[in-house]
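Let's take a walk through this model together, from its overall layout down to the surroundings of its ligands. Keep the 3D view open as you read.

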Amino acid sequence: MTQSFITINDTTLRDGEQSAGVAFSLDEKLDIARQLAAIGVPELEVGIPAMGDEERESIRAVANLKLAPRLMVWSRMHPADIAACAGLGAHLIDISVPASDQHLAYKLKQDRAWLLRELPKYIGAALSLGLEVGLGCEDASRADMDFLCALAETAERAGARRLRFADTLGILEPFGTYDKISTLCRRSGLEIEMHAHDDMGLATANTLAACKAGATHVNTTVNGLGERAGNAPLEEVVLGLNKLHGIATGIDLKGFPSLSAKVASASGRAIPWQKSVVGAGAFTHEAGIHVDGLLKHPDNYQGFDPREVGQAHRIVLGKHSGTRAVQVVYAGLGIELGDSEAQAMLPHVRAFVAEHKHPPEVSDLRDLLASLRSHHHA
Ligand SMILES: CC(=O)SCCNC(=O)CCNC(=O)[C@H](O)C(C)(C)COP(=O)(O)OP(=O)(O)OC[C@H]1O[C@@H](n2cnc3c(N)ncnc32)[C@H](O)[C@@H]1OP(=O)(O)O
Ligand SMILES: O=C(O)CCC(=O)C(=O)O
């Protein structure tokens with residue numbers, strides 16, 4: 001059954017930081033956590049205690065902020081790793097296990113029976129530290145579904161509350177995701193958390209499909225940062241759930257641009273120009289028909305109001321501009337152009353963009369007009 005509210009468990013500070021070459025400083029981690037909390041993200045996965053003292057200190061420091069979100073830490077199914085999660089101020093632990101035969105046999109040299117036998121004692125160990133437990137099923141997309149359900153049943157009996165379904169390699173598509181998550185939700189009483197990767201560009205679609213199928217929780221990262229091609233972007237998932245499925249998350253994206261910029265600079269990963277929601281081009285219009293239509297009524301060319309995500313429409317001139325756009329852009333500079341003068345500007349704008357490969361800036365616009373007018377008077 002589709003939930004009317006989905007809990008976002010944002011993993012920018014764990015899987016996001018696993019993006020090759022990314023390392024947040026403590027201040028950056030704290031700032032990102034604060035900003036995620038400020039827009040209403042209810043859960044944060046904040047790190048991997050087994051990595052060592054510095055990582056544990058950073059987790060403790062996030063916890064000491066006493067922010068509203070509940071904090072999760074990630075751990076292998078390993079006694080020392082679980083012990084390292086004690087006393088850090090986290091609320092939840094994700095105990096990760098290999099769920100596919102591929103991972104069981106070729107990473108751990110084990111089999112399904114071994115995992116089912118061993119799992120309860122690790123869950124018990126985490127519970128005894130006062131942590132709520134989620135079972136992280138790595139490579140769940142390639143796992144046998146009956147085995148995954150058996151893992152869920154074993155985990156639930158041992159006291160876990162959640163199962164994370166990880167599409168570790170980003171190989172699922174939305175229909176397959178829907179089937180798998182529906183099956184899990186039908187056969188398990190646990191909370192089901194979707195963790196999608198974007199290797200085929202489907203992380204958001206798969207996350208939304210999982211929610212339609214009954215997932216209660218989803219993992220996201222700011223700007224889609226994360227291993228390889230990244231994770232499901234927070235901004236896309238929140239917007240998609242709200243706009244396409246009418247599902248609430250409690251997250252207000254109006255304050256998102258500063259968080260997005262913070263993560264881009266702290267990670268050293270620039271936001272692609274055309275990236276949905278946060279890219280500089282996401283609400284930038286050039287084509288004449290679009291600009292004319294947008295000016296007549298914004299809903300002609302907007303699927304949602306950019307103000308909902310802290311953005312605004314921007315009109316630039318270029319190869320595909322029409323006269324209306326020329327008039328509106330010059331009006332923004334306090335210069336009124338009649339129809340014929342605006343029309344006459346079009347070839348000049350085209351020539352400028354063909355030469356420079358970017359829209360004219362304010363000074364270019366003034367130069368282009370001055371040149372047009374001087375030719376006209378000559
Ligand atoms: C898909 C994911 O995102 S899973 C999360 C992955 N994240 C990371 O790896 C980032 C942080 N990792 C680290 O800092 C280090 O890898 C550590 C501290 C966890 C472990 O470091 P090391 O002890 O040096 O081991 P190393 O990384 O070389 O190898 C991983 C070991 O963990 C084992 N392992 C892998 N997954 C699991 C698991 N879920 N449960 C138990 N053991 C596991 C591997 O089999 C291997 O053990 P082996 O050498 O006995 O075969
Ligand atoms: O918690 C887990 O096991 C999932 C880990 C993960 O990040 C992944 O599989 O992509």
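How many strands make up the closed barrel, and in what order does the barrel run? Please keep in mind that the model is predicted. The barrel is closed and has eight strands, in the order 1-2-3-4-5-6-7-8, and their pairing is parallel. Going from one strand to the next, the twist averages 25°.

For a look at one of these pairings, go to strand 1 (residues 7-10) and strand 2 (residues 43-47): the two run parallel and are joined by two bridges. Here you can find Asn-9 standing opposite Glu-43 of strand 2. Elsewhere on the sheet, helix 8 packs against it and touches strand 6 and strand 7 (191-196). The direction of helix 8 makes about 160° with that of strand 7.

Helix 8 also has a helical partner. The axes of helix 8 (residues 174-187) and helix 9 (residues 203-212) come within 8 Å and cross at roughly 35°, and this crossing is right-handed. On the helix 8 side, the contact is made by Pro-174, Thr-177, Tyr-178 and Ile-181, while helix 9 brings Ala-205, Asn-206, Ala-209, Ala-210 and Lys-212. By class, the residues of this contact are six nonpolar, two polar and one charged.

Now let's turn to the ligands. Around ligand 1 there are 16 residues, of which Ala-50, Met-51, Arg-76, Met-77 and Ser-96 come nearest. Which strand gives the most to this shell? That is strand 4 (residues 92-98), with three residues. The shell around ligand 1 divides into seven nonpolar, four polar and five charged residues.

Finally, step back to the domains. The protein is divided into domain 1 (7-267) and domain 2 (284-377), and their C-alpha centres lie 45 Å apart. Eight residues from domain 1 and five residues from domain 2 take part in the contact between them. Which helices each supply at least two residues of the side of domain 1 that touches domain 2? They are helix 10 (234-245) and helix 11 (256-267), and helix 10 gives the largest share, three residues. By class, this side of domain 1 has four nonpolar, one polar and three charged residues.

How values were computed. Residues numbered from 1 in each chain as written. Chains lettered and ligands numbered in written order. Predicted model: local features only at pLDDT ≥ 70, side-chain atom pairs only at ≥ 80, totals over all residues. Near = placed C-beta within 6 Å. Helix = DSSP H or I, 4+ residues; strand = E, 2+ residues; numbered from the N terminus. Nonpolar A, V, L, I, M, F, W, Y, C, P; charged D, E, K, R; others polar. Axes fitted to C-alpha atoms, helices over the stretch in contact; angles between N-to-C directions. Left-handed = near helix turned anticlockwise from the far one by under 90°. Contact = placed C-beta atoms within 7 Å. Domains from an automatic or database assignment. Pairing = 2+ DSSP bridges.
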